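Hello,

Here is the structure I promised to pass on to you. Have a look at it first, and then read my notes below.

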Amino acid sequence: MGKCSVAVVILNYNGVEHLQRFLPGVVRHTDAEVVVADNGSTDGSVEWLTAALPQLRVIRMDKNYGFAEGYNVALRQVEADIYVLLNSDVETPAGWLQPLLEYMQAHQECVACQPKILSYRDKSLFEYAGAAGGYIDSFGYPFCRGRLLSMMEKDNGQYDSVAEVFWATGACLMIRSSAYWGAGGLDGRFFAHQEEIDLCWRLKARGGSVVCVPQSAVYHVGAGTLSYESPRKTYLNFRNNALLLYKNEARRYGWVCTVRLFLDWTAALHMVLQGKPRNATQVFKAQMDFFKMKGQFRHDREENLRLTSVKNPVGVLNHLLLISVYLKGIKRYSGLGWK
């Protein structure tokens, strides 16, 4: 088997502090091309890169395209068999890349994979954005091995086996370039949040395998651009979740949409009771904007359903995750009864 060309592409937007902290280690510990794609930063990121790491390739974009379209614009300028989309706030230890690449080379059916994602702040804990591989329930709620809703588990090696997952995190996503562009890339209309779930759903529905390879582990700060409490993050998560369901859910979309409307209203009420009225307002704004935007995605939905060859992909929990967590008291992924 011939050697694959690999490019690690870091998308940056006003993240000079993350670049200063983590990029030298990425360059030192990565046996592949490292590229920084700058999304129109105004904080001196490009100037620092030019001075501190002049050997590094920097793709300069004219504005902030967001995470999704920013990567599309950048990756069109990168020639490689395999891309690695890597957040700027990720610490990569020595040897992090090799297990991912070896798995991809040995398993041609695998189109995308991720390492184990641990918390930079507490390296004994899984990190929210991906943990040991992502899944989704039948009503669109994402979760992970090592993370149910906002509850993170300690990493005691309990998820150290390679596993087929439903989605791999955009914080550190290795993907074949042919699969990336064959599925249309990330959906730029999402701007940021859940765009990697949407992409992986397309990959899985079209017969691709997506896995977590926990023999590789990286450490993610998380919430590098928007804090977890940000109303803007609330808006993007709720709007984009509705969009990815509309684009990809085939079997029971009408029922799923109805249930999610009720559950989202309940979530908004809970936010009000928590003293977060601005977040609650963003839930309703997200719903209104989804219905305004829905027509833009009709063709995408028709195409995705037409190209679907796997109607029941691995990684979909066949019931509502909220019941398991809030009524049954399950706090760990292993409590769901999956392997």
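What follows is a short account of one annotated span and of the salt bridges.

Please keep in mind that this is a predicted model.

The annotated span first. An unreviewed UniProt entry places the annotation "domain: Glycosyltransferase 2-like" on residues 8–116. In the model, that span is 37% helix and 27% strand, and its end C-alpha atoms lie 17 Å apart.

Now the charged pairs. With a cut-off of 4 Å between side-chain nitrogen and carboxyl oxygen, the count comes to 13 salt bridges. One of them joins Lys116 and Asp155, at 3.0 Å from N to O. Lys116 lies in strand E6 and Asp155 in the loop between strand E10 and strand E11, so this pair ties together parts that are 39 residues apart in sequence. Lys116 is buried, at a relative accessible area of 6%.

Another salt bridge links Asp198 to Lys247, at 2.9 Å from N to O. Here Asp198 belongs to helix H6 (residues 195–205) and Lys247 to helix H7 (residues 231–248), so the pair connects parts 49 residues apart in sequence. Asp198 is buried at 0% relative accessibility, and Lys247 is buried at 2%.

This pair is part of a network: salt bridges with shared partners join Asp187, Arg189, Asp198, Arg202, Lys247 and Asp300. Asp187 is buried, with a relative accessible area of 7%, whereas Arg189 is partly exposed at 30%.

Best wishes

Note on methods:
Residues numbered from 1 in each chain as written. Predicted model: local features only at pLDDT ≥ 70, side-chain atom pairs only at ≥ 80, totals over all residues. Heavy atoms only, no water. UniProt positions renumbered as here; feature names shortened; annotations may be inferred. Helix = DSSP H or I, 4+ residues; strand = E, 2+ residues; numbered from the N terminus. Buried < 20%, exposed > 50% of the residue type's maximum accessible area, 1.4 Å probe, protein only.
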